[in-house]
Each structure stands twice: as structure tokens, then as C-alpha cells.
Amino acid sequence: MDKGLDILELLSSTDDALSQAEIAKALERTPNEIYRMLDRLVRRHYVRRTEQDRYMLSLKMFELAHRRPPLSRLVSAAMPAMRGFATMAQQSCHLVMRDRNMLVVVAQVDGPGYWSVSLRVGARLAVVGTGSGHVFLAYASEDERQQMLAEDNAQPLSEELEARLQRVRTSGFEEMPSQQVRGVTNLSVPIYGPLGSVIAVITCPFTERLDRDDAASPSAALKLLVDVGRDLSQRSGSGDS
């Protein structure tokens with residue numbers, strides 16, 4: 001299986017078709033070592049052999065990836081984990097993704113009981129001044145940052161915010177008082193994709209429960225949330241743990 005995946009990854013990073021000898025050399029293997037796997041990939045239509053006896057990726061991987069849109073896949077995987085978090089932490093939580101450099105709530109779970117602080121699905125969030133936005137900014141490239149700030153009509157980042165984003169990268173989460181609702185602390189954790197980039201953020205708008213002695217503390221809720229983020233990152237194919 002490793003040989004097959006190595007071949008697919010190599011061909012996906014190459015613009016031109018490669019010969020069997022070129023593939024073997026790039027992977028530091030002999031032609032005989034990869035012959036059977038390469039032949040199998042051709043037979044299963046993951047790889048196409050040209051008339052010049054060279055090899056390139058077919059569109060099968062593209063077709064498989066788009067049978068279920070990334071949003072649907074992530075939300076399907078996230079909902080059970082979010083429900084589990086809400087039950088254990090006695091708090092609500094929501095999932096945020098980037099859509100054309102805008103931040104949008106794509107899933108939400110209420111905490112148990114008859115009240116909770118929550119955001120509606122479809123709500124657009126500010127990039128600066130929200131826990132989810134800070135996590136996306138913390139892990140974004142400089143170009144991505146500028147695009148998100150421009151889309152949100154936000155001012156350039158201050159030195160104070162730059163330092164805060166550095167702390168987010170170091171700690172792996174954001175914990176900040178809400179700038180929208182008094183008494184709420186936003187706990188935000190990244191979810192990584194297969195290539196190591198942040199594909200989503202899960203946030204808990206933590207509120208202190210006075211009616212339950214067994215309610216989780218902010219630190220306990222954050223630990224639970226980090227575990228959820230790690231689990232969803234692993235399900236998405238990320239090597240981060």
C-alpha cells in the first residue's frame with residue numbers, strides 16, 4: 001500500500017507524465033519493485049498510461065473526493081463529537097469554516113438544559129475579535145491573512161494582536177473573553193486537514209453554570225474541546241496529534 005500511495009503522491013506533484021524508470025528513481029526503488037503496483041493502479045483507473053508508455057494521474061481521485069463535498073463530510077464527522085462535548089461540558093459549541101475568505105458557522109449544538117448561548121448556522125463571524133477568527137489568522141499564511149482581513153474590511157493587525165496570534169500557535173488554542181457578549185469566554189480549537197492546514201475551528205462560547213455543581217470548569221471544557229479537535233483532525237487525515 002505504501003508503494004501505491006507513494007506513486008499517487010509523486011504523480012500528483014508532477015505536471016508531466018513520468019516513465020516507469022523516472023518514477024522508480026524518484027521513489028528510490030527499482031523498476032521491478034514498482035511494476036506490479038503501477039500496473040494495478042492502471043487497471044483500477046487511478047493512473048493512466050499514455051501512448052508514449054508514460055504515467056499520469058487519472059481523474060478517479062478527483063471523482064472520489066467529490067462524491068461527498070468536504071463540508072458534508074466534516075459536518076457528518078463533527079456532529080457526534082460535538083454532541084458528546086456538549087453533554088460532558090454542559091456547554092454549547094459550533095463549527096466554523098472559511099468560505100471565500102469569510103468565516104461561516106456550518107454546524108452548531110446546544111448545551112443540555114433549557115438554555116444555552118449559541119450561534120445560528122449560517123452566521124458570518126468577524127475575523128478579528130472572535131476566537132474562531134483568531135485561530136484562522138494564527139495559522140494562515142501572510143497572503144491568506146491579507147485576503148481574510150480585506151474581505152472583512154478589517155484594519156491591519158496590531159502588535160498586540162500579532163503577539164496574541166503567536167500565543168495561539170504556540171498553545172494550539174484561543175481562550176478569550178467574548179467581545180460580543182459579556183460573561184462569555186470563547187474557547188476555540190483548530191481542526192487540521194490532510195495537508196496540515198486549518199480547515200475548520202470548533203468553538204465553545206463558555207458560560208459559567210451556577211445551577212449545576214457538576215458543570216465543567218473553563219479548563220476542563222477546554223481540555224474536552226482540544227480532544228475533540230484532535231479527534232476530528234485525525235479523522236480528516238491530518239498527522240497532527
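**A buried strand residue, an open sheet and its helices**

The model examined here is predicted, so local features need pLDDT of at least 70, side-chain atom pairs count only at pLDDT 80 or more, and totals for chains, interfaces and linings use all residues. Residues are numbered from 1 along each chain as its sequence is written, and side-chain values use heavy atoms, with hydrogens and water left out.

V105 sits in strand β4 (residues 102-109). Helices (H or I, at least four residues) and strands (E, at least two) are DSSP runs, numbered from the N terminus. Contact means heavy atoms within 4.5 Å. Leaving aside neighbours within four places in sequence, V105 is in contact with H94, L95, V96, L119, R120, V121, G122, A123 and L125.

Strands of a sheet pair through backbone hydrogen bonds, either parallel or antiparallel. Here, six strands form an open sheet in the order β5-β4-β3-β8-β7-β6, and the pairing is antiparallel. The edge strands are β5 (124-125) and β6, each of which pairs on one side only. Two strands are said to pair if DSSP finds at least two bridges between them. For strand β3 (residues 93-99) and strand β8 (residues 198-206), the antiparallel pairing extends over three bridges. L95 stands opposite I202 in β8.

Which strands does helix α9 lie across? Helix α9 (residues 218-235) lies across β6, β7 and β8, and runs at about 20° to β7. Axes are lines fitted to C-alpha atoms, for helices over the stretch in contact, and angles run from 0 to 180 degrees between N-to-C directions. L225 belongs to helix α9 and, at 0% relative accessibility, counts as buried. Not counting residues up to four places away in sequence, L225 touches F85, L187, S188, V189, I202, T203 and C204. The C-alpha atoms of L225 and A86 are separated by 9.6 Å, although these residues are 139 residues apart along the chain.

The loop between β6 (174-177) and β7 (185-192) contains S178. Is S178 buried or exposed? At 15% relative accessibility, S178 counts as buried. A polar atom of the S178 side chain lies 2.9 Å from the backbone nitrogen of V181. Beyond neighbours within four places in sequence, S178 is in contact with V184, T185 and N186.

Two helix pairs complete the picture. Two packed helices are described by the angle between their axes and the distance between the axes. The axes of helix α6 (residues 131-139) and helix α8 (residues 159-171) come within 9 Å and cross at roughly 85°. α6 and α8 are therefore roughly perpendicular to each other (angles under 35 degrees count as roughly parallel, over 145 as roughly antiparallel, 65 to 115 as roughly perpendicular and the rest as oblique). H134, V135, L137, A138 and Y139 of α6 make this contact with L161, R164, L165, V168 and R169 of α8. For α6 and helix α7 (residues 142-151), the axes come within 8 Å and cross at roughly 145°. This contact is made by F136, L137 and A138 of α6 and R145, M148 and L149 of α7.

Notes:
Buried means under 20% relative accessible area, exposed over 50%, partly exposed in between (1.4 Å probe, protein chains only). A polar contact is a pair of N or O atoms within 3.5 Å; within protein, one must be able to donate a hydrogen and the other to accept it, and residues adjacent in sequence count only if both atoms are side-chain atoms.
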